[in-house]
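Take a look at the sequence and the model below.

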Amino acid sequence: MRSVPAVVAPWVRTRLRAAPGAALALALLVALTACLAGALPRAVDRYEDAGLRHALGQAGPERTTVRATASIPEYGESGEDPDVSFSPEAVKRRFGKLLPVVDGSVPVDRAQSSYGTTTDDGSPALEPWLPRPTGLPAQVTLVAQSGLAGHARVSEGRLPRTTGRPDVDEAEAAVSTATARALHIKLGSVIHVPRPSGPLSVRITGILAPRDPAGAYWSTVPLLRTPALERLPEPGPPQTYWHGALLLPPDATLTVLSTGGNPFRYWNFAPGTAGGQAHDLGRLRSGVASLESGPGLRRARSLTDPELTVSTGLDDVVIAFGRLRSGISPLVGVSAAGTATVATVVLLMAGGLAADRRRTELALLRARGVSLPGLTGRLLAETAVVAVPAGALGLAAALVLLPGVRAGHAVAAALAVTLTACAALPLHAALTHRSVRLTAPREDMASVRPSRRRTVAELTLLALAAGAVATLRSQGASAGQLVSLAPVLTGVIAALLLLRLYPPLLRRLARPAGRLRGPVTPLSLARAGRTRASAVMPLLALLTALTTAAFGGSVLAGVAGARDHAALLTVGADARLDSATALPAGLAARVRAVPGVRGVTAAAITYEATPTDGVATVPLVGVDPPAYAGLTARTGLGAITAKQLKGPDRHQLPAIASPAVARDHGIRQPFSVRLADGSTVTVRITAVRDRTPAAPAGDFLVVDRAGLPSSAARPTTLLLTGAHPDAAALRRTAPASATARLLTEERARYADSPLQTGAGHVYTAAVAAGAGFAVLALLLALLRAAPERTALLARLRTMGLTRAQGRRLLVLESLPQALLAAAGGILTGWAAVHVLSPGIDLTTIAVASSQTPGGEAVLRPDPWSLTLPALTVVTLAVGVAATQAWWTTRRGSVRGLRAGDPQ
């Protein structure tokens, strides 16, 4: 008979069949972590791109369009006839040459780009039927722009046509609906435009409605769609006149040349905002600089005209956006680094848990001759079979859920997660079983001192982390990537120090506790003092998560506070009604009946009040002292008392002044103030306040309204208080001459940028993910110690320990470490806030504007953000320990004695 060869079961298949639950748990952990890791860079790209498009849209085409212009060429310079250079074919041909030059530096929206001819100055139109607000004649500008038929809808008449001869005395033109309405232009109207060879009669053949009024075609030069009421730059009474555009046919470029007013050619290139990508911001800035005064401009001049000029405000918009992004990016980096550290710790702990559960199996394999490379290779293969497909699935989910342009960063992040998950178990096994031993060493013995190698490694990490934190403190935001690592660095320092300090402290406490009655307290302290080397990882995860949450909560609280303060300094109360004239007598009672309004304070504000010993005007605010004093107390803006506005002399009104007014006129020195109607009052400054609700921004004088003349005492402003005033009902109640402003609307205006809201959402999601991973790390640590605890309780039960004592033992054993993590989290959170506060510009993040009424906002630790996550950790740790104790004590002692043994 032939011998049957021995069949060896494949290692990977055998291991997966032996522990399908552990493989499924690892796959879920890797898939979730890879999905979150891949989603983070995609989410950052999405909100940054949306923020860039929002910034370009807010700036408008008037600032963002790249505009190239060239005036009339001189015969001696270019040798080209102006009639040739201004011909429709020449202007169009040069547009085709400039397009690739501009598109190579700035993405161009060809549909909204245009070219044509116009003049620098308007020409006076002397028709008597044109409106003259102050007697000055209206001005008109002739514009021959390409693509008129495709960008306008004919509302009346038809599109203008050209005769093909530029020397004729008549031309056809169209106007926009807004121009026709403002200048009283009708179909068939004739406007005479002066020119050197005689007036040009322009007949209006059509009134056009722009298809996209906000697009670059119509808004690069807003005069094309909307006439302007301009003012002469001369002193004295304002002299205004209307200025509108007459839209000639696109091929009537030579007609513009025949008029005066400095004709020139132009080529407008609208930026393609739909595909704006924030990661190309540097390339966009360099491209704009090249077009304005660099190689791009030289190439454009060589292709078109030596005197060509290129101008745009796009660089200013990009710089402002980059400044806002640079202020927000460190915060997102802090959350990303903290969450990544906690997730890495969880993956390593998962591998450590698997290695601990298989310690006996792996030690047996080493004892039977398996080499260390062979052992780690087998473990790597069985882990990769589970982790690689799970990582690919998580990455695919991230790419599908968050579509975007770039995928490289997401792939790299998911790949890092997968490699970490694959290497955790083999590396832990290689470190544990690098030498063949008959028995595994105990790591929970109090007499076992840390090795010298571990001491050197910890001191090295401590020195590096302390140096990095010192660099952060001195350099602030200029420290680069170190800003993002602040929670991790402080967490490393705190974890190393606490793990070194708390075991001796607990052992010292265990000695006097031994004199107490009962074994639970001394035994719990003794066991808590026997720290394991593996306790570093869960403590680091908890400290990093707590630090990130505390720092993030402090930032969000600071941002909310800065927005509330800036909105309050703009409005002065929960809502206000302002009017240039006196408000109706019964308006205050009607406003008080509006839903959400709790109180109404009237004020009479005279903005043209002028002190007789000065030239600058100062707003004079007349108020009712008791009501206004209550308002200042509620809002916190320059709190006063009613007595400060009351005085014995009715001819000298006590006044509350801003610091600048008090400095100019002195305190307790009477001076006269001339009102708008010519009457005067005498005031005496009795107190100085930085702010006041009626005039929260700028200088002011606040007096008793009863001492003012009747013409100046009638209320012009109503200051409202209430939790949520009904905006719609308030505007319906207010007269047409009054302007309503609400605190909630003003606050919402500060957070309208997708860059701000997107960063806030990403940060909140990252902190939540970090907290979830920290909870998972805590559960893994408890799960790792569960077999030992179960066996301990079973042995103690055989010695007479009751179930209630066993439960208290497990709870008290976990309490010192939970309190340690909570205290360390509060300490590291406080330290991270103080380390990073010099480099975090909360004002930019909160209001996205350098001109804010609230001044500079400073990052400060938020008490709730420091204490609430720490208390949550303590509650969770105690709850999990109590649950474990309850479940363990339900099992029999004989069964519990087998916990941890090979089955």
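At 14% relative accessibility, Ser189 counts as buried, because buried means under 20% relative accessible area, with a 1.4 Å probe and protein chains only. This is a predicted model: local features need pLDDT of at least 70, side-chain atom pairs count only at pLDDT 80 or more, and totals for chains, interfaces and linings use all residues. Residues are numbered from 1 along each chain as its sequence is written, and side-chain values use heavy atoms, leaving out hydrogens and water.

Where does Ser189 sit? Its place is the loop between helix H8 (177-183) and strand S7 (190-193). Helices (H or I, at least four residues) and strands (E, at least two) are DSSP runs, numbered from the N terminus. The side chain of Ser189 reaches the backbone oxygen of Lys186 at 2.8 Å. Leaving aside neighbours within four places in sequence, Ser189 is in contact (heavy atoms within 4.5 Å) with Trp129, Val202, Arg203 and Ile204.

Now move to the sheet. Strands of a sheet pair through backbone hydrogen bonds, either parallel or antiparallel. Here 10 strands form an open sheet, in the order S15-S18-S19-S17-S20-S16-S14-S21-S13-S22. The pairing is mixed; two strands pair if DSSP finds at least two bridges between them. At the edges are S15 (610-611) and S22 (738-742), and each pairs on one side only.

Look at one pair inside the sheet. Strands S14 (residues 599-606) and S21 (residues 717-721) run antiparallel, joined by five bridges. Gly599 stands opposite Thr721 in S21.

Conventions
Buried < 20%, exposed > 50% of the residue type's maximum accessible area, 1.4 Å probe, protein only. Polar contact = N/O pair within 3.5 Å; in protein donor to acceptor, adjacent residues only side chain to side chain.
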